[in-house]
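Please read the following briefing alongside the sequence and the coordinates.

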Amino acid sequence: MNVVLLLTHMLLSVALIGGITHQALGALAPVRKATGGFFNRFRAVNGAAYVNAIVILYFVTLILGLIIYPNYRIGARVAMEQFRLKASVGSFELKEHLSAIGLGLLPAYWWLWQPAQKAFTNSRRIVTLIIAIAVWYGFMVGHYLVNIRGITG
Amino acid sequence: MNWTRVFPVFSIAYVISYVPIMFYNWPVFTYVPKTKAFAWGFLQPPAAQAPGMYYFGWLLTAGIVAGVVAAVAATLPEKLIERLVPVTWIAALAMLGVELFILREWFV
C-alpha cells in the first residue's frame, strides 16, 4: 500500500511541478502570444487558469506525503542516521519545512491570482516563485532520498 | 463581506507562527508511528516506542493561530489589509532564512 501511495505522491508531484513551472515562468517572463520556439510557448499560458488546479494538487500531494511520512520516519530516516547521512536527513527536514511554508502561502497565492487583484503583480510573482521553489525542492529531495541506496551505494 | 480578503493575513500569520511553533515544539498533537497512537500536545514517547512525530501537530497549530489572526483581521479596514499584502512574501523569505539557520547543523 505504501508503494502505491508513494508512486501516486510522485505522479501528482509531477503534475504539480509542470503546472507551477508553467505558471511561474508565465508570471515572471510573460509573453502575449504563443509564437516562436519552445520557451516562448512554454511561458505563454494564462496563469490564472492554473491556480485552482495547483492549490488542489499541492494539497492532495501534501496529504499523500503526510500519510507515507511515518514510514519514512521509522524506516528510511533511521537507516540514514545509522549511516550518518546527516545532509540527506537535513535535506528532508528542509523539505518538510518548505512544504509547510508553501502550504501557509496557498491562501494568499490563490487570492493574488484572482482577477480583482491585478494591482499586486510583484507579490503575485514572488509568492508564485516561492511556491515553485518549494515544489521543485521537495520533488528533487524526495527523488534523491527514494534512490539514495542506488546513488550512495 | 468578502471573507477571502483576509487570505493574505492568514498566510502571513501561518508562515510567521510556524517557525517558533516548530522550534519550541508546540504541536496540537503528537503521533507515535510505532504504536499508531495519537496524544494531545507534546509527548516524548518511551525509548522503545520512539520517535514521536510532531510535524502534523505543528501544521495544525500554525493553522489554528493563523485562523484566529485572520478572524481578527476580518474586522480591519480593507485598505489596511491591502497594505499588508507584500508582507506575505517578505515573511515567507524571512522565515525561510530562519529555517535554514536552524537547520544549518545538518549540513556542517
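Which residues does A:Ala44 touch, not counting residues up to four places away in sequence? The residues are A:Gly26, A:Val31, A:Lys33 and A:Ala34, where contact requires C-beta atoms, placed from the backbone, to lie within 7 Å. This is a predicted model, in which local features need pLDDT of at least 70 and side-chain atom pairs count only at pLDDT 80 or more, while totals for chains, interfaces and linings use all residues. Residues are numbered from 1 along each chain as its sequence is written, with chains lettered from A and ligands numbered from 1 in the order in which they are written.

- A:Ala44 lies in the loop between α2 (38-43) and α3 (51-82) of chain A, helices being DSSP runs of H or I with at least four residues and strands runs of E with at least two, numbered from the N terminus.

**Contact between the chains**
- Chain B contributes 30 residues to the contact and chain A contributes 26 residues.
- On the side of chain B that touches chain A, two or more residues each come from α1 (7-23), α2 (55-73) and α4 (87-102) of chain B, and the largest share, 8 residues, is from α1(B).

**Helix α2(B)**
- Buried residues in α2(B) include B:Trp58, B:Leu59 and B:Ala66.
- Among what covers the buried residues of α2(B) are α4 (86-112) of chain A and α1, β1 (29-32) and α3 (78-84) of chain B.

Technical notes: Two residues are in contact if their C-beta atoms, placed from the backbone, lie within 7 Å. A residue is buried if 20 or more other C-beta atoms lie within 10 Å of its own, exposed if 12 or fewer, and partly exposed in between; C-beta atoms are placed from the backbone.
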